[in-house]
Amino acid sequence: MSLLAPLLLIGLIGLGLPLIAHLRGHREPRTIRFAGHRFLAAEGEVLSQRRHLRDRLLLALRVLLLALLVLALSRPASRHEAALAVLGEPHDAILLVDGSRSMELRSEASGQSLFAATRGAAAAIAEALPPGSRLGLIGSDPALPRLDPSADPRAALGALQARVDAGPPRPGSWRLRDRLAAASALSQADDGRTKVIYALSDRTSGGLASLPNTTADGLAILPIAVAFDAATGALEGTRGHPAHLGIASASWEPAPEIDPRAMRIRAELRSYAAADEDHRRPVSVALRVSGELVAQVELEVADGATVPLEITYSAADQRGPLAATLELVADGEPLVDPLPSDDRRHLWLAADERLTVTLVNGEPSERRSHDEVFFLATALAHRADETEPSAGRIALRNLAPDQLEAQIRARGAEALAETDVLVLANTAAPAENVAAAIRERVDAGMGLWLTVGERIDAEAYNRRLGELLPLLLREAVLAGTAPGRSTAAGEGFAPANLDHPALRGERDDLGLLGARARRIFLLEPDPDRPHEVALTYQSGAPTLLTRDYGRGRVALLTTSVDRDWSDMPLRPGFVPLALRTVSYLGDRASQSGAHNLLVGEVWSTGLPGPLTVVTPSGRRIALRPDDDGVHRLTDTYELGHYRVERGPPGAPGAPSPLLFTVNVDPAESETLPLDIKAPPIAGDRVFAAAHIPRWRPLFGLAALALLVESLLRARSRRRRRDGLVDG
Amino acid sequence: MHSDSGNALAAVLPPALRDLLRGRALTLERPVWGQRAGRHLSARAGLGHLFRAHRPYVAGDDPRLLDWRAMARRDRPMLRQTEGEDELSLCALVDLSGTMAYGEGETSKRRTAAAMVAALAHLALRQGDRFGFATGGDGALGLAHLRPSASASRLGALAAALSEGELRGLCPWRELVSGAAPRLPRRALVVAVSDFLDPCPPTRGAAPEVEATAGPRAELANVSAEEELWGAFAGLRARGHDVVLLQVLHPDEIDPPWRGDEFLRILDPKGSRSSIKGTANALKRRYQARFAAHQRALTRHCEATGIHLLRVRSDAPLEEALLDLLARLSGLTPSSSTGSSAATTQPKKTPKKTPKKTPKRPRRGPP
């Protein structure tokens, strides 16, 4: 609690006034010595006590009244640590409202969501703004209303209110950081006014934690943590934050060792709460296939824990792809959860799905541990039966480089027709015709993974497969001789980029943080060449890069996939990295397999049209190819199972439809608040605290005291007129 | 008359009053019982001129008193008796408490009381009666001059007692009456002079429980003490004394001159009660009601016990009051069948304009 006008407390000196008034106003009576005194006493004594009491009460009331008035005029306001701060001068305030799914989090007590509480925070800012300021509005979700700064704050507040009333935020992996440019561009008129972005969000990695202190063009960003119970919340601490459960990931693979049509569905159940082993919460996970409940698993999830889950399901009588949904339930009903949107996850199941991976071993060895692809093959087949390596979802095929060349020479690109992912492991640059066949297959949807080693000739590779490479190869160097390094120490691996589509959903450092590379391949930087980096060394040099080529994908590992150049294969993270990379590369190749998208991601295919997308709600969207012949679906904000029908509707013999699912981004489920430091106040800007006014109740109390004082005074007058006083 | 006592008497007895007393006599309606011959009809046979009765002669009687005619009629020696004439013993009990100091100049209650007592004493001594007085003031009794004396110096003592010293404290009336009663000669004329408004106030310290509690309990104790006092006066009357209560009141005490919303603090002149604050109107309303009740009660008591009650306003002409008193004592003034009377002398001037009657307010409790 603080006072906005503390100087007015000087008025408390005035508290002496009623005292003086009571002393001076106390009329000095005329004293008479009177023999009939006796006839005046008796009843007066009781009255006199009342009179004394009343006078003191009146005095106390008047002092209280004056104190309340002085206190109210000094404008007390609560100034919590989390009190939002606004710029002290008139400026353009742009409310950047977080519309991400994590704002859907509901208070367990009131049921109000953070998104709804944004209104209160916005209203508090509008009230705290200095006169002459203007208020604009923009959201992290582009569908949120966007208003240029206006002198009338009701426009922005009204638009926000209308949006909140319309429903919960739309899932879509919206990050505040991505909208900063749009927010700073909201008021382009250079009228000399200061502009400040007030970010209203939760304290999550996609919310306030993703924000820098200023935008690229220098606008100040003030984080306002939205809380349930007040207009603003603290920027630190997790007290009172609701915990929720969610299905963080879900995948499936065939389980032929059980049944030819059996599938093993794996999921991760996560409790988004502060870790507490002692607090466990029972929950059930239901598996529905084609709308029917086929399995239900009872679990206990400790706070902050991640619980793996495995359900085996055999689609004995069902053919073709199956729409499956994993759902959190309690007592047969959907779980009542503060954040319900991640309580469901969708999958397309296909009993006969296989991913064929062809490993081209550039450096075979009789000793298995020295074989170039030993670790990779082991990782990919880690769940397969040793006696029947093809039993898993991934079917491995080993080839020597000359075998590949011979097959391609014989059959052309068709030799790779059954290959979904081709891995060239430390293979010398392929011949021209082989390279052409590979390019053709990648363009048609095949995945290509290049790993380097002693046999890699950068120049030859750049010449033959340079068109496919994410970046051109330069040369292999010892890690110690890399630019900026003076010692011959190994190059450590940096934390993986979990935003990369291939690794999305993985946690922490992927288990590769301790890995070191003794030798790495340097690449030619080329900003014009589209590529994505999934893994880097600590020096910043890329380790694993991917790019899309035509309908297929290409990955490049800049160190060997065996132990020759690095110890990466010995690290526990190697297995998920290999599986993830192969699955990512093979996604495009699989025609009947499901493609799992996160909400908001663009689905695309290079297959010829016409294509019609049937959304989970039954809406049909006819896709039109782009100039490059690729069909793209951008409106993937509806969660569930999508079908893409090929050929004209109703035409006989139409090929099987393409399938994909859209699920929520688990990153948006992370609602546990992070501690955020308020930005430092720079320059000569004065940041005045915005206070929650507390003086209004004081005025009410003062009015009440005035009323009581009036009543007492009237009563006192009447008594004095009627009554006697004993001195 | 002694010159000193004369000067002192002049201080308390106005010359006009003294002139008025010339040729007047203090006579009583009832016979007296004096030690010596006087001019008042005695309750016993004596050597007077008025025939009283005949009685048979017994040995030892003065043969000069034989009535021969009666002896002839009755055929036996008869003695002729005449009414005796005795002196009168006048005893004054004077209140010298603080309440008697009220009033200034000619309206002073002290002056009125002193003049009345001095006039009676002067009259009595002049006609050969005895006079004694006792005072009560400042909580103490003055009984030194209680035994009646025919000496003229008693007047000087009276004048000194009434005119000197500051009046304060209370007059212990009950002690005064009980102290004086055994010392009174037979069939004396007892004149008690006071305002009798609060003759028995609570004594500070003497009855702490009463003082501390105040309120109705204290008032009840007060009334009880007063009843005792009235009983003591009635006892005097029962012993054959003529008792006169001379109630000297200041006009302010009959009709307090308090008006409007003026804030007053009323002190008890006797210092026995706590001061009272209040507005003039409220105080006056309360006072008038209770004062009237008190006066009625006093009158009723005097009538019941055969005590003369004479009310004297301190602003009224003393001559009238004195003549009225003399007339009442001698039985010339018509009075009630009980022989007691209660009258108030009228003020010197014509009555003031009747104050506006304030609308009566409903009283919240019994007065």
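In the predicted model, A:D92 is buried, since its relative accessibility is 0%. The side chain of this aspartate forms a salt bridge with that of A:R134, with an N to O distance of 2.8 Å. A:R134, by contrast, is partly exposed, because its relative accessibility is 23%. The two residues belong to distant parts of the chain: A:D92 lies in strand β5 (residues 92–97) of chain A and A:R134 in strand β6 (residues 134–139) of chain A, a separation of 42 residues.

A further salt bridge joins A:R620 to A:E645, whose closest N and O atoms are 2.6 Å apart. This pair also connects distant parts of the chain, with A:R620 in strand β32 (residues 620–623) of chain A and A:E645 in strand β34 (residues 640–646) of chain A, 25 residues apart. A:R620 is partly exposed at 47% relative accessibility, and A:E645 is likewise classed as partly exposed, with a relative accessible area of 27%.

In chain B, a salt bridge is found between the side chains of B:D19 and B:R22, at 3.3 Å from N to O. B:D19 is partly exposed, with 42% relative accessibility, whereas B:R22 is exposed, its relative accessible area being 59%. Over all chains, the count of salt bridges comes to 46. In general, side chains of opposite charge can pair when their charged atoms come close.

Chain A also contains an open sheet of seven strands with mixed pairing, in the order β19-β18-β20-β21-β28-β27-β26.

Helix packing in chain A is illustrated by α3 (residues 114–128) and α4 (residues 153–166), whose axes are 9 Å apart and form an angle of about 170°. Helix α3(A) is therefore roughly antiparallel to α4(A), the threshold for this class being an angle over 145 degrees. On the α3(A) side, the contact is made by A:F115, A:A116, A:T118, A:R119, A:A122, A:A123 and A:A126. The α4(A) side contributes A:P153, A:L157, A:L160, A:Q161, A:R163, A:V164 and A:D165. Classified by residue type, the contact between α3(A) and α4(A) comprises nine nonpolar, two polar and three charged residues.

Chain B contains 11 helices and 11 strands. Of its 367 residues, 52% count as buried. Among the contacts in chain B with a separation of 6 or more, 76% are accounted for by residues 24 or more positions apart.

How values were computed
Residues numbered from 1 in each chain as written. Chains lettered and ligands numbered in written order. Predicted model: local features only at pLDDT ≥ 70, side-chain atom pairs only at ≥ 80, totals over all residues. Heavy atoms only, no water. Axes fitted to C-alpha atoms, helices over the stretch in contact; angles between N-to-C directions. Helix = DSSP H or I, 4+ residues; strand = E, 2+ residues; numbered from the N terminus. Parallel < 35°, antiparallel > 145°, perpendicular 65-115°, else oblique. Contact = heavy atoms within 4.5 Å. Nonpolar A, V, L, I, M, F, W, Y, C, P; charged D, E, K, R; others polar. Pairing = 2+ DSSP bridges. Salt bridge = Lys/Arg side-chain N within 4 Å of Asp/Glu carboxyl O. Buried < 20%, exposed > 50% of the residue type's maximum accessible area, 1.4 Å probe, protein only.
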